[in-house]
Amino acid sequence: MSKNRNYKRGRELEYRIRKELTDAGFFGATRSAGSHGVFDVVAVAPLSYVLFIQAKRTKERLNPETAYKEDLEKCRELAKVLPREAQLELWVWTDHKGWTDKLVIKQAGELYSEGVDAK
C-alpha cells in the first residue's frame with residue numbers, strides 16, 4: 001500500500017475520532033495533521049481534562065501490547081510529563097469491526113505511574 005494511501009486512511013480515522021468526540025460534547029477536538037508525533041487527536045472535555053489520542057488502524061485484530069509496542073512506549077514516556085488534567089489513550093480501529101481497543105495510558109486526575117497503563 002502506498003504511503004499516500006496509508007496517510008489518507010489515517011487521516012480518515014482521525015476525522016472519525018474528531019467527530020465522535022465532538023458529538024460526545026468535547027470542545028476543540030482537532031487532529032495533529034502530519035506531525036508524526038505521539039498523539040494524533042487532542043480534545044478538551046467540558047470543565048474536566050484534555051484528552052490526547054494516538055490512533056491506529058489495522059485490517060485484522062492484533063494484540064496492541066505487541067503490535068504497537070513502540071507507540072505504547074512513546075505514549076508512556078509522554079505520560080510522565082503530562083499534567084494531572086491530561087488523559088492519554090491509544091485507540092485501535094480494525095476494519096469491518098470498528099474500535100477494538102481503547103487503552104488508557106494515563107488517566108485524567110492522576111499522575112502517571114507504571115500501574116495505570118493499558119486498561
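Let's start with strand β5. This strand is mostly covered: of its nine residues, seven are buried. Keep in mind that we are looking at a predicted model. Every residue number I give counts from 1 along the chain.

So where does β5 sit? It belongs to an open sheet of five strands. The order is β1-β2-β3-β4-β5, and the pairing is mixed. The edge strands are β1, residues 27-31, and β5, residues 98-106. Each of those two pairs on one side only. On average, neighbouring strands in this sheet are turned by 20° against each other, with direction ignored.

A quick reminder on sheets. Strands pair through backbone hydrogen bonds, and the pairing can be parallel or antiparallel.

β1 pairs with β2, residues 41-44, in the antiparallel sense. Three bridges hold that pairing.

Next, β2 and β3. These two run antiparallel as well, joined by four bridges. V42 turns up again here, with F52 in β3 as its bridge partner. β2 and β3 make a hairpin, with five residues between the strands. In that turn, look at L47: its phi is positive, about 55°.

Stay in β2 for a moment and look at A43. Is A43 buried or exposed? Its relative accessible area is 0%, so A43 is buried. What does A43 touch, leaving out residues up to four places away in sequence? The list is L21, F26, F27, G28, A29, Y49, V50 and L51. Take L21 from that list. A43 and L21 are 22 residues apart along the chain, and their C-alpha atoms are separated by 7.4 Å.

On to the other end of the sheet. β4 and β5 pair in the antiparallel sense, over seven bridges. As an example, E89 stands opposite V104 in β5. This pair of strands is a hairpin too, with three residues between the strands. H96 in this hairpin has a positive phi, near 70°.

What packs on the sheet? Helix α3, residues 69-79, does. It touches β3 (50-58), β4 (86-94) and β5. The direction of α3 makes about 40° with that of β5.

Now the aromatic rings. How many aromatic pairs are there? The count comes to four. Let me show you two of them. In W91 and W99, the ring centres are 5.1 Å apart and the planes meet at 75°. Planes over 60 degrees apart count as edge-to-face, so this pair is edge-to-face. W93 and W99 form an edge-to-face pair too, 5.1 Å centre to centre, with 85° between the planes. Together, ring pairs link W91, W93 and W99 into a cluster.

How covered are these tryptophans? The cut-off for buried is under 20% relative accessible area. W91 has 4% relative accessibility, so it counts as buried. W93 has 13%, so W93 counts as buried too.

There is also a charge over one of those rings. R16 lies over the face of W93, at 4.0 Å from the ring centre.

One more arginine, please: R9. Find it in helix α1, residues 3-23. Is R9 buried or exposed? At 16% relative accessibility, R9 counts as buried. Which side chain does the side chain of R9 make a polar contact with? It is that of D95, at 3.1 Å.

Last stop: Y112. This residue is in the segment after β5. Y112 has 14% relative accessibility, so it counts as buried. Compare its position with D71. Y112 and D71 are 41 residues apart in sequence, and 16 Å apart in space, C-alpha to C-alpha.

Find the open sheet of five strands. Find α3 packing on that sheet. Then find the cluster of W91, W93 and W99.

How values were computed
This is a predicted model: local features need pLDDT of at least 70, side-chain atom pairs count only at pLDDT 80 or more; totals for chains, interfaces and linings use all residues. Side-chain values use heavy atoms; hydrogens and water are left out. Two strands pair if DSSP finds at least two bridges between them. Axes are lines fitted to C-alpha atoms, for helices over the stretch in contact, and angles run from 0 to 180 degrees between N-to-C directions. Contact means heavy atoms within 4.5 Å. Rings of Phe, Tyr and Trp (its six-membered ring) pair if their centres lie within 6.5 Å; planes under 30 degrees apart count as stacked, over 60 as edge-to-face and the rest as tilted. Buried means under 20% relative accessible area, exposed over 50%, partly exposed in between (1.4 Å probe, protein chains only). A charge sits over a ring if NZ of Lys or CZ of Arg is within 6 Å of the ring centre and within 35 degrees of the ring normal. A polar contact is a pair of N or O atoms within 3.5 Å; within protein, one must be able to donate a hydrogen and the other to accept it, and residues adjacent in sequence count only if both atoms are side-chain atoms.
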